[in-house]
Amino acid sequence: MSNHDTHEHGDPIAEIKKVTIILSVLTIVELILGFWMIGVTSEGGRLAIKGTIVILMLAKAFYIVAYFMHLKHELKNLIMTIVVPLALFIWFITAFLSDGNSFRNLRNTYDPHFKAQSTIKVEAKEGHHGEEGTKEAAPAKAAETEKK
Amino acid sequence: MSNVTTASTKEAKWWNGGKSPFDVEYGKVMMWYFLMSDAFTFGAFLIAYGTVRFSTNGWPNPNEVFKSYPFAGEGTNAPLVFVSIMTFILIISSVTMVLAVHAGKMMDKKGVVRNMIFTIIGGIAFLSCQAWEWNHLHHEGAWWGMNPFINADGTASSTNFTNFFFTITGFHGFHVFSGVVINIIMLIMTLTNQFEKRGHYLMIEKAGLYWHFVDLVWVFVFTCFYLL
C-alpha cells in the first residue's frame, strides 16, 4: 500500500499496448454502433444504441484517465481529490437534462406556436454548396412567414 | 493484503508532515487541479448543449451534416468516416505521448524527442482536419448564427446546433492548439538538454497530462456531436 507510485507496475510498455488496443476496439465498436443507428428508426432502438455508446464513452474515459494519465497508480489521496469533485457531474447531468426535457414538454403543452413551429416541414436544400447556402437559416424564416 | 489496522496507520502517516501526502510534486498536483477545473468548463458547455437539445423538438441529423471528407465529390455520403480518422489521430498521438513520458522516466532523451515529434505531428494533423471541416461547413453556410441544415424530422431548425458545434469544437481546438505549442516548447527544452541538466523529465509528464486531457475531452465531444 505505502510502497506506491515510484514502483512500476509490471511492464509499462505492455500496459500501454494493452490500453491502446482497448481504446481502439472501443472506438471501432462505437463507430459500428453509429453506422448501425443510421438505419434504425424505432425510438426505443435508437435510445438503446445511444445508451450503449455513452457507456463505451465512459469506459474510454476511464482507460485514458486511469492508465494514460496514470491516475490509477497514484496514491488514493490524489485519486480522491480529483474524482470526488467530478461526482458533481452526476447531479449536473441529471438535473439539467431533465430540466430541458421538462421545458420542452411544458412548451409543447402550453405554447401552441412552439408546437406548430416544430411540425411544419420545410424543403431540404439541394446541394449545400454555393451562394444559396450562405444565406442565413432560410428555412426557419420561411416557416415564420408561413405562420403569419 | 495487510489488515485494516495497519493499512489505516500507514495511510494516516501521509498527513503527519515531512512528506507530500499525494506523493507527487507540486506542479503535477496543480496540473491535476487545473485539468479538473477545465473539465468543469467543458462539462458546462456540453451540459448546456444537452439541455438545449432536450428542450427542442427537432435537431439536425449529424449523419446528414458531417458526411463529407477532403477531396470528396459533391454528392458524397460518408457519415462518420472523416471524424473517425480525426479520433484515431488523437488516440495515436496520445499513445506516443505516453511513450514519451515513459522514455522520460528512463532518462532516454532520444526516445523523448522521437515520441514528442510524433505527438506534435499528430496534434497538427488533428488541427488540419478540424480546419478543413470548419472551412467545409462554412462553405455550406454554417457558422455562428447560421444553420443551413434542417432537422432530422424535416422541420425548420434553429441556429442552436451550429452555435454549440462551433463553440465547443472551437474551444476544444483551442486546447489542442495550446497543447501543440506546449509540446513544441517541451521538445525544444529536451533538445537543449534542459531536462538532462535537471536530472528529470517531470515537465514532460505534466505536458503529457494536459495532452491526454485534450484527448479525453475529444472522446466526449466526438460522442455528443457526431454519434448521438
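**Around one threonine in chain B**

Modeller: Let's begin at Thr119(B), which touches Ser93(B), Thr96(B), Met97(B), Asn183(B) and Trp211(B), leaving out residues up to four places away in sequence; touching, or contact, means heavy atoms within 4.5 Å. This is a predicted model, in which local features need pLDDT of at least 70, side-chain atom pairs count only at pLDDT 80 or more, and totals for chains, interfaces and linings use all residues, while side-chain values use heavy atoms, without hydrogens and water. Residues are numbered from 1 along each chain as its sequence is written, and chains are lettered from A and ligands numbered from 1 in the order in which they are written.

Thr119(B) belongs to helix 5 of chain B; helices are DSSP runs of H or I with at least four residues, strands are E runs of at least two, and both are numbered from the N terminus. Thr119(B) counts as buried because its relative accessibility is 0%. Buried stands for under 20% relative accessible area, exposed for over 50%, and partly exposed for what lies in between (1.4 Å probe, protein chains only).

Met97(B) also turns up among the contacts of another residue, Ile204(B). Apart from residues up to four places away in sequence, Ile204(B) touches Met97(B), Ala100(B), Val101(B), Val112(B), Met116(B), Met186(B), Thr190(B) and Phe195(B). Ile204(B) is also one of four residues, with Trp218(B), Phe225(B) and Tyr226(B), that touch the most other members of the largest nonpolar core, a set of 87 residues. Such a core joins buried Ala, Val, Leu, Ile, Met, Phe, Trp, Tyr and Cys residues through side-chain atoms within 4.5 Å.

Which elements give two or more residues to this core? In chain A they are helix 1, helix 2 (43-68) and helix 3 (76-86), and in chain B they are helix 2 (26-54), helix 4, helix 5 (109-139), helix 6 (160-191) and helix 8 (202-227). Helix 8 of chain B gives the largest share, 17 residues.

Pro62(B) sits in helix 3 of chain B, residues 62-65, and counts as buried because its relative accessible area is 9%. Pro62(B) and Phe161(B) lie 99 residues apart along the sequence, yet their C-alpha atoms are 9.9 Å apart in space.

Now step back to chain B as a whole. Chain B has eight helices and zero strands, giving the pattern α-α-α-α-α-α-α-α along the sequence. Of its 228 residues, 56% are buried. Take the contacts in chain B between residues at least 6 apart in sequence: 70% of them join residues at least 24 apart.

Finally, chain B meets chain A. Here 71 residues of chain A contact 66 residues of chain B. The two chains bury about 6,200 Å² between them, 72% of it on carbon and sulfur atoms; this is the accessible area (1.4 Å probe) lost on putting the two parts together, summed over both. One salt bridge is counted between the chains, a side-chain nitrogen of Lys or Arg within 4 Å of a carboxyl oxygen of Asp or Glu. Lys28(B) forms a salt bridge with Glu74(A), with 3.8 Å between the closest N and O atoms.
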